[in-house]
Amino acid sequence: MTKILAAVVQLQSTEEKSRNVDTAARLVTAAAQRGASFVALPELFNCIGRWEAVVAEAEPITGPTSRRMSELAANLGITLLAGSIAEQSEVAGKIYNTSLLFGPDGRQLACYRKRHLFDVDVPDRVTVRESEFVMPGEEIVGTQLPDFTLGQSICYDLRFPELFRALADRRADVIAVPAAFAFGTGCDHWEVLLRARAIENQAFVIAPNQHGRHTPTLQSYGRSMIVDPWGTVLATAADGESFALAELDFQRLQDIRRHLPALAHRRDGQ
Ligand SMILES: NC(=O)CCC(=O)C(=O)O
């Protein structure tokens with residue numbers, strides 16, 4: 001098959017886990033009913049807010065959120081990227097920020113832990129110290145699926161082109177960027193970075209984002225997007241809790257790589 005329909009689900013999650021998971025399931029189902037066979041949720045889709053609350057809601061990989069997502073994928077017969085959840089870690093008071101991938105039979109196919117942690121202080125825009133609560137992951141994850149190879153990242157990872165190049169080296173055709181990208185940076189950087197990563201790695205970029213205020217001091221930018229390997233934005237979610245759909249044409253991907261073989265022109269293997 002050279003074409004599939006993909007969806008990015010945009011949420012305004014809070015610290016209220018059951019509501020977040022129910023909303024995620026409702027929008028994933030709606031996207032699948034419109035024909036999407038690959039659906040992606042945003043970062044910390046099941047619980048976002050004060051870090052203390054997120055840590056308190058952390059689950060093991062085989063916990064209730066992942067069981068619900070596995071059942072959802074199986075019931076709908078889709079591949080589901082469960083954006084990210086707070087995963088319990090071996091260190092007290094700390095979590096991993098973990099993205100899980102489920103196949104159409106409900107099997108867990110991959111697990112990626114966010115490598116780059118968002119420790120920034122941009123005056124009047126955003127101040128966060130993710131590393132106080134989150135442990136960085138080590139592994140780079142590319143997974144071969146029946147129709148394409150998926151590379152995984154999470155949010156702030158988007159600013160590290162070397163991770164995306166490593167995913168291109170693992171032959172990623174589609175790179176997922178589930179995010180809770182801050183409003184204060186997203187308004188200037190979100191689309192530019194997504195399009196740059198798509199163009200330079202000649203891959204589709206699937207970027208479900210959180211949108212709106214999660215707490216009085218935490219606001220996400222929204223504009224969840226699907227970008228093609230030429231850098232064209234194929235679909236953007238409307239503000240609020242919604243989803244956007246786009247066709248991924250893998251013949252077009254191969255054509256772009258054949259006509260403009262930039263990845264083959266790299267010097268010294270870099
Ligand atoms: N959750 C995150 O990693 C936010 C990253 C972000 O907003 C950025 O500007 O980078």
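Visitor: So helices are DSSP runs of H or I with at least four residues, strands are runs of E with at least two, and both are numbered from the N terminus. How much helix and strand is there over residues 4–250?

Guide: That stretch is 26% helix and 33% strand, and its end C-alpha atoms are 8 Å apart. This is a predicted model, where local features need pLDDT of at least 70 and side-chain atom pairs count only at pLDDT 80 or more, while totals for chains, interfaces and linings use all residues. Residues are numbered from 1 along each chain as its sequence is written, and side-chain values use heavy atoms, without hydrogens or water.

Visitor: Which feature does UniProt put at 4–250?

Guide: The unreviewed UniProt entry lists "domain: CN hydrolase" there. UniProt positions follow the numbering used here, feature names are shortened, and annotations may be inferred rather than shown by experiment.

Visitor: OK, helices. At what angle do helix 1 and helix 3 cross?

Guide: Roughly 15 degrees, with the axes of helix 1 (residues 17–33) and helix 3 (residues 64–76) coming within 11 Å. Axes are lines fitted to C-alpha atoms, for helices over the stretch in contact, and angles run from 0 to 180 degrees between N-to-C directions. Helix 1 is therefore roughly parallel to helix 3; that word covers angles under 35 degrees, with over 145 roughly antiparallel, 65 to 115 roughly perpendicular and the rest oblique.

Visitor: Which residues of helix 1 and helix 3 make the contact?

Guide: Among them are Val21, Ala25 and Val28 of helix 1, with Met69 and Leu72 of helix 3. Contact means heavy atoms within 4.5 Å.

Visitor: Switching to the sheet: what is its strand order?

Guide: The order is 9-10-11-12-15-16, in an open sheet of 6 strands with mixed pairing. Two strands pair if DSSP finds at least two bridges between them. Strand 9 (142–144) and strand 16 (233–236) are the edges, each pairing on one side only. From one strand to the next, the twist averages 15 degrees.

Visitor: And how do strand 12 and strand 15 pair, parallel or antiparallel?

Guide: Antiparallel, over 3 bridges, between residues 204–207 and residues 225–227. Isoleucine 206 has isoleucine 226 in strand 15 as its bridge partner.

Visitor: Which helix packs on that sheet?

Guide: Helix 5 (residues 183–201), which touches strand 12, strand 15 and strand 16 and makes about 30 degrees with the direction of strand 15.

Visitor: What about helix 4 and helix 5, how far apart are their axes?

Guide: Their axes are 10 Å apart, and helix 4 (residues 161–169) packs on helix 5 at about 35 degrees. Pro161, Phe164, Arg165 and Ala168 of helix 4 meet Arg197, Glu200 and Asn201 of helix 5.
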